[in-house]
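Take a look at the model below, then work through the exercises step by step.

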Amino acid sequence: MSGIRIVGTGSAVPETILTNEDLSRTLDTSDEWIVRRTGIRRRHIASDTEGVHTLAIEAAEKAIAAAQAKDPGFSREKIAAVFAATMTASYVCPSTACILQEELGLPEDIAAFDISAACTGFLYALQTAGHFFAAGKKGYILLVGAECMSRLMDYTDRSCCVLFGDGAGAAVVAPDERAESCFYEIAGTKGSRKELSCLRQPQGDGFLHMDGQAVYRFASLSLRNAVEKLLDMAGLTLDDIDQVVCHQANARIIDSVKKRYPGHEDKFFMHMEEYANTSAASVALVLDDMYGKGLLRPGMRIIAAAFGAGLSWNAVLMTI
Ligand code: ACO
């Protein structure tokens, strides 16, 4: 498939921070346990006046501003589609993508819809954009991953609530005409409600339930397989990759893949310390943070990979 250029990124997180120490005041847990098992120190939590739609709008405005600054050919009138990945949308309907169209003043003759794929959602949005471009769609596509995971948390369940946070990330993307551009993708599904599920009331309690050890095994294996498979598809090795952008669920999961590639440790950026697992927002937030820190630059070749509820996995190898 022809490539995708990341034109601009943005992100937004709530101001309120919930630290491990805060959690340990009401739960039988500790900062030491959480950091050692997950790498997480804090998470941002939405207030009653915030939601997926407000975070998504803020992140998308920043991505649009970044695209305007970086690409003289870009304007918001040229946005031809909006895909929003979330499983905690503020509104059941309209979709978050429709709200973005209205709030951002985007053209009306555009495709706008939400994607529900938990932590893999943003990469599904990216792949969908690639297929729209491959089918001839012109212009730019706005991708957003936004999540208020705190709304699904049972704050008496220490095995789950310490892991998640709220936030949003966004990217404006365009077809990539550069000769060196590449785009390889994989996606997979193993439908199962045993390891991770959240059933709405009245049938369920509305909380996310997780078999942590089973998810850990699945996540480590799917991340490892994703990196290996994409390198194989592209006929490359990790020497040819500038950064591996991983879903930020747990530092130990990323470490388990990292240690298979000695000498490449600096290619596995992590920031779950600050944001925890923000599900569909995670990869988008990481991308924006890495651009901001100068770790990602145009022309670099990256792998981006995610895994999560579904169970699902999704990964791309691309020139950015
Ligand atoms: N604080 C203190 N103790 C805890 C906590 C906590 N927050 N949570 C669990 N424990 C206890 C358990 O009760 C258990 O105690 P016991 O031995 O007395 O029974 C002990 O710690 C060990 O529990 P384990 O579950 O074996 O701990 P583990 O090392 O597996 O770590 C964790 C748990 C962090 C949840 C890990 O399994 C994990 O990260 N799993 C993956 C989760 C994930 O990445 N999810 C992402 C997908 S989510 C999505 O897609 C929406």
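This is a predicted model: local features need pLDDT of at least 70, side-chain atom pairs count only at pLDDT 80 or more; totals for chains, interfaces and linings use all residues.

**Exercise 1.** Find the bounds of domain 1 and domain 2, and state how far apart their C-alpha centres lie.

*Solution.* Start with the domain assignment: domain 1 covers 3–176 and domain 2 covers 183–319. Next, take the C-alpha centres of domain 1 and domain 2, which lie 15 Å apart.

**Exercise 2.** Describe the contact between the domains: how many residues take part, and how much area is buried?

*Solution.* Then turn to area: the domains bury about 3,900 Å² between them, with 60% of it on carbon and sulfur atoms. On the domain 1 side, Cys 119, Leu 123 and Gln 127 supply 17% of the area buried against domain 2, more than any other three residues.

**Exercise 3.** Count the salt bridges and polar contacts between the domains, then say which element gives the most residues to the domain 1 side.

*Solution.* Begin with the salt bridges, of which there are 2 between domain 1 and domain 2. Arg 42 forms a salt bridge with Glu 274, and their closest N and O atoms are 2.8 Å apart. Several elements of domain 1 supply at least two residues each to the touching side, among them strand 1 (3–12) and helix 5 (121–134). Helix 5 gives the most, with 7 residues. Finally, sort that side by class: 24 residues are nonpolar, 17 polar and 10 charged.

Technical notes:
Residues are numbered from 1 along each chain as its sequence is written. Side-chain values use heavy atoms; hydrogens and water are left out. Domain bounds come from an automatic or database domain assignment. Buried area is the accessible area (1.4 Å probe) that two parts lose on being put together, summed over both. A salt bridge is a side-chain nitrogen of Lys or Arg within 4 Å of a carboxyl oxygen of Asp or Glu. A polar contact is a pair of N or O atoms within 3.5 Å; within protein, one must be able to donate a hydrogen and the other to accept it, and residues adjacent in sequence count only if both atoms are side-chain atoms. Helices (H or I, at least four residues) and strands (E, at least two) are DSSP runs, numbered from the N terminus. Ala, Val, Leu, Ile, Met, Phe, Trp, Tyr, Cys and Pro count as nonpolar, Asp, Glu, Lys and Arg as charged, and the others, Gly among them, as polar.
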